[in-house]
Amino acid sequence: MSSLGPAFLGLLETRPQHGYDLKRAYDEHFATKSPLAYGQVYATLSRLLKNGLVEVAATETGSGPERKRYAVTDAGVTDVEQWLGRPESPEPYLQSTLYTKVVLALLTGRPAEEILDVQRAEHLQQMRALTRRKADGDLGDQLICDHALFHLEADLRWLDLTAARLDELSGEVRDR
Amino acid sequence: MTRPTPSTDPATPEQRTPLLAAYGLRKSFGLTQALSTASLSMEEGEIVALMGPSGSGKSTFLHCLAGVVRPDAGRVDYAGTDLARAPDARLSALRRTEFGFLFQFGQLVPELSCLENVALPLRLNGRRRRTAEREAARLMERLDVGDVARKRPGECSGGQGQRVAAARALVTRPRVIFADEPTGSLDSLNGEKVLRLLTDTARESGASVLLVTHEPRVAAYSDREVVVRDGRTPEIGGGR
């Protein structure tokens with residue numbers, strides 16, 4: 001489930017806001033790659049409106065287009081509270097593409113070790129970029145990067161473990 | 001009209017002389033072969049991570065590159081000297097003046113204050129106490145351990161101790177820093193602080209760093225990695 005809806009509800013819980021302010025607040029706190037598109041902001045708000053999780057607190061008409069100020073409803077507060085309390089399901093990655101690649105390489109007599117090496121280099125490259133970004137970022141940025149870094153590191157541990165057991169795996173794959 | 005662009009063809013790279021390069025190193029300890037064909041080339045100012053599982057030979061490789069251990073075969077070129085064949089006196093001089101060392105456990109002298117520890121390599125090089133300690137204090141401030149200058153290593157936390165050791169490795173303004181699992185004994189937060197300060201300070205001074213580690217998050221502070229497996233590395237050009 002996307003975290004955009006609950007994030008909007010939580011931000012609106014701090015105070016009622018216009019769509020534009022909401023987007024800005026979201027970008028400031030959570031945007032990791034690129035800022036939110038306005039289309040996404042208004043699509044999310046209209047879904048929350050339809051579900052009764054937010055309401056229009058005020059409509060301002062001025063020289064430009066009319067601006068709506070949104071507020072979270074009681075149902076919205078309950079919704080965000082439930083979302084916060086619900087654990088995310090840990091992704092098990094049981095049949096990863098990489099595993100498939102390694103087994104296919106072994107089955108077809110291609111060098112599986114090279115696949116692991118290439119992947120290791122790619123992962124490390126990504127980790128370097130995140131490490132550099134961390135150095136320039138604030139604490140929020142650092143924590144977001146750390147989360148990604150620890151996940152990449154877990155993949156790398158798997159790559160190393162698999163590399164160390166390729167001969168064994170190769171035997172098993174051929175015997176099947 | 002299109003302007004000719006510089007060639008980026010990997011087959012015709014800009015020929016630069018590496019600062020430190022090893023070709024086909026072999027080293028055995030008794031019946032155990034630690035290195036079979038290990039090669040590596042480092043540019044001035046480059047930070048290279050030497051990775052590989054425990055027992056892969058990466059620490060032996062580092063010791064050979066630093067002139068601490070002599071390989072049974074192969075060549076180690078450093079600024080025109082083959083470290084595999086250089087006389088002991090030349091190797092000791094290099095280790096004192098042009099190389100810096102940082103290990104998993106700081107190996108600080110427990111009887112000396114942290115400031116005296118950091119100043120020690122300069123004192124061994126004949127610098128006066130006052131100038132040596134002034135330089136040591138400056139570097140300790142840079143590594144955020146200025147406040148433990150008068151303490152002994154035993155009175156410091158693990159992270160502080162490693163930063164003191166990093167300051168000692170950097171104090172002679174070495175051209176190459178050899179760091180063997182420098183954060184192996186620290187938690188994530190302290191380990192990162194040591195790495196960030198070590199690599200930042202090395203980059204500021206233009207020093208190269210050879211970073212031995214099996215941890216990807218540590219290797220991510222390098223410019224590139226070389227993987228050692230069963231005493232072997234991928235081949236590089238230039239060996240004879």
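In which helix of chain A is A:Arg128 found? A:Arg128 belongs to helix α6 of chain A, which covers residues 112-136; helices (H or I, at least four residues) and strands (E, at least two) are DSSP runs, numbered from the N terminus.

## Basis of the model

This is a predicted model, in which local features need pLDDT of at least 70 and side-chain atom pairs count only at pLDDT 80 or more, while totals for chains, interfaces and linings use all residues. Residues are numbered from 1 along each chain as its sequence is written, chains are lettered from A and ligands numbered from 1 in the order in which they are written, and side-chain values use heavy atoms, with hydrogens and water left out.

## A:Arg128 and chain B

A:Arg128 is buried, its relative accessible area being 2%, where buried means under 20%, exposed over 50% and partly exposed in between (1.4 Å probe, protein chains only). Leaving aside residues up to four places away in sequence, A:Arg128 touches B:Ala219, B:Ala220, B:Ser222, B:Asp223, B:Arg224 and B:Glu225, contact being heavy atoms within 4.5 Å.

## The antiparallel sheet of chain B

In chain B, 4 strands form an open sheet with antiparallel pairing, in the order β2-β1-β4-β5; two strands pair if DSSP finds at least two bridges between them. The edges are held by β2 (32-42) and β5 (81-82) of chain B, each with a single partner strand, so one side of each is left without a neighbour in the sheet.

Within this sheet, strand β1 (residues 20-29) and strand β4 (residues 73-78) of chain B run antiparallel and are joined by 5 bridges, and B:Tyr23 has B:Arg75 in β4(B) as its bridge partner. Helix α1 (residues 58-65) of chain B packs on the sheet, touching β1, β2 and β4 of chain B, and its direction makes about 60 degrees with that of β2(B); axes are lines fitted to C-alpha atoms, for helices over the stretch in contact, and angles run from 0 to 180 degrees between N-to-C directions.

## The parallel sheet of chain B

A further open sheet of chain B is formed by 5 strands in the order β6-β7-β8-β3-β9, with parallel pairing. Here β6 (99-102) and β9 (224-227) of chain B stand at the edges, and each has a single partner strand, so one side of each is left without a neighbour in the sheet.

Strand β7 (residues 176-180) of chain B runs parallel to β6(B), to which 4 bridges join it, and B:Phe101 stands opposite B:Phe178 in β7(B). Helix α5 (residues 158-170) of chain B packs on the sheet, touching β6 and β7 of chain B, with a direction about 170 degrees from that of β6(B).
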